[in-house]
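Let's go looking for pockets in a protein. Here is the structure to explore.

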Amino acid sequence: MSPRAFLKYMNFQRTNHVKKDAYPGGGVVYWMSRDQRMADNWALVYAQSQALEKKAALSVVFCLTPRFLDATQHHYGFMLKGLQETERNLESMNIGFTLLFGEPTAVLPAFLTESNAGLLVTDMNPLRHARHWQRSLTPILGIPWVEVDAHNIVPVWTASQKQEYGAYTLRPKLRRLLPEYLAEFPPIIRHPFSPATAPQPAAWDRAAATLRVDMRTGGSPVCEPGEAAAAAMLREFIARRLPGYETDRNDPVLDAQSHLSPYLHFGHIAAQRIALAVEEQGETPSSTSFLEEMIVRRELSDNFCMYNEQYDTFDGFPTWAKLSLNQHRNDERTHHYALEQFERAETHDRLWNAAQGEMLATGRMHGYMRMYWAKKILEWSGSPEEAMAIAIHLNDTYELDGRDPNGYAGIAWSIGGVHDRAWFERPVYGKIRYMNANGCARKFNVDAYCSRFGTGPL
Ligand code: FAD
Ligand code: FO1
């Protein structure tokens, strides 16, 4: 495919020029972080189109950091296995893959110099660590740098240039733009230009020893990592669970969700590929309901983390919520648990314990239960700040799909009314939407859920 053909597909709204230095010659390097895949990856598509135009070599680099938020060895294991598959895919297309050990700010500049890189391409990530990496490296690197939103269907900066109040304000903007952006991807082609020296083979066997992470937590892996497993999960979802999604998705006893979140989190599959595949099945109430979650809710989370730097703290809540929670700061708590009691699912509430139990046992919690789970942490901890810290720590330590904008937005929705409205006032919650076990019992068979995942006292 000629560079021009590529450019027919590439919508330049997906790119953001971080550094506009003149291209000095040399190879094109895609520093992969969020979107860990070869297929359907706009950052790689852009990098290859530039390399073809410049008749330059194309390579990918991944910086393996010793720790990453509350990620455990379980999460790193899932990620590393997926990356090895992507390395094989890339090398089959004559695209080199290099694995560096260390913080990007420490190891990337020397690598780019040694590999005679002339253009850096990265994948957009709205989280604090990625913004810090970008701010620290911008003054150091002397080559052009282009960031591509390879995660969202409508690029986060195109959908909106400010924090949206909720799904209801972002949805019309996405609706208007989706016809332009929900399009087919060009294939990655075998790259015709090779580097002067082949990159060092990735030392996968040394990776584990470079990590400084919690080896304690794990849970039984509920799914295989990597691009092929992600594509298989999509096919299985479409064949078996999509038809019942609209009616069954909020029932944690039924297996009705897609189970795609770990693959979306690690970028093993593109949301755009999922949307194209679901749309191909024809429009049904279930496809509409699924795309609302997978496009609107997910892109709303990136919008929240992109435009609200306090996305993981009390300060990030809307004013009405902060005022209301402050007025109820000293309300009596019916129960007050420490982090360890929550972590070990040792509350008085068997339903809450079952939700924590599901996460401990499987590394994932059903979407409906996550709302109940987080709201009860607000109700049974000493302050909204303590609740945020506990919910985020547990979510990022035990959820395979944790450490993600969806998590910070989901927890801020549950505890701080982000993307929600005020409800009638009650102790501790103030005007934050309330949930209780009776409400759950009206929706699904609580006994069945508790008998499957229950651990704590009845
Ligand atoms: P499906 O129902 O099949 O949805 C498909 C995809 O749509 C999901 O993978 C996700 O990308 C998106 N999606 C669905 N619901 C939401 C939502 N409410 N907000 C944003 N995107 C959504 N999601 C994570 O990816 N990581 C997290 O750490 C996380 N923590 C959460 C914590 C709380 C307190 C809450 C209320 C929600 C959280 N979510 C999180 C969002 C949602 O619960 C999960 O994305 C979903 O349950 C994952 O399972 P699934 O892929 O089978 O979901
Ligand atoms: N991104 C990196 O660039 N390097 C890492 O070593 C790394 C480790 C990691 C571990 C767990 C996890 O959930 C994410 C991790 N990420 C890493 C980031 C990930 O690729 C995404 O960029 C973020 O999670 C944002 O969604």
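For the lining classes below, Ala, Val, Leu, Ile, Met, Phe, Trp, Tyr, Cys and Pro count as nonpolar, Asp, Glu, Lys and Arg as charged, and the others, Gly among them, as polar. By that scheme, the second largest pocket's lining has 17 nonpolar, ten polar and two charged residues. Keep in mind that this is a predicted model, where local features need pLDDT of at least 70 and side-chain atom pairs count only at pLDDT 80 or more, while totals for chains, interfaces and linings use all residues. Residues are numbered from 1 along each chain as its sequence is written.

**What counts as a pocket**
- On a 1 Å grid over the protein atoms alone, a pocket is an open set of points where a 1.4 Å probe fits, with protein on both sides within 12 Å along at least five of seven lines; lining residues have an atom within 4 Å of a point.

**The largest pocket**
- A total of 48 residues line the largest pocket, and Arg249, Glu293, Arg297, Gly367 and Met371 lie nearest its centre.
- Its lining splits into 18 nonpolar, 17 polar and 13 charged residues.
- Where does the largest pocket lie? It lies between domain 2 (157-185 + 225-309) and domain 3 (314-453), because both give residues to its lining; the domain bounds come from an automatic or database domain assignment.

**The second largest pocket**
- This one is lined by 29 residues.
- Nearest the centre of the second largest pocket you'll find Thr98, Phe111, Ser115, Thr197 and Pro199.

Definitions and conventions
Chains are lettered from A and ligands numbered from 1 in the order in which they are written. Side-chain values use heavy atoms; hydrogens and water are left out.
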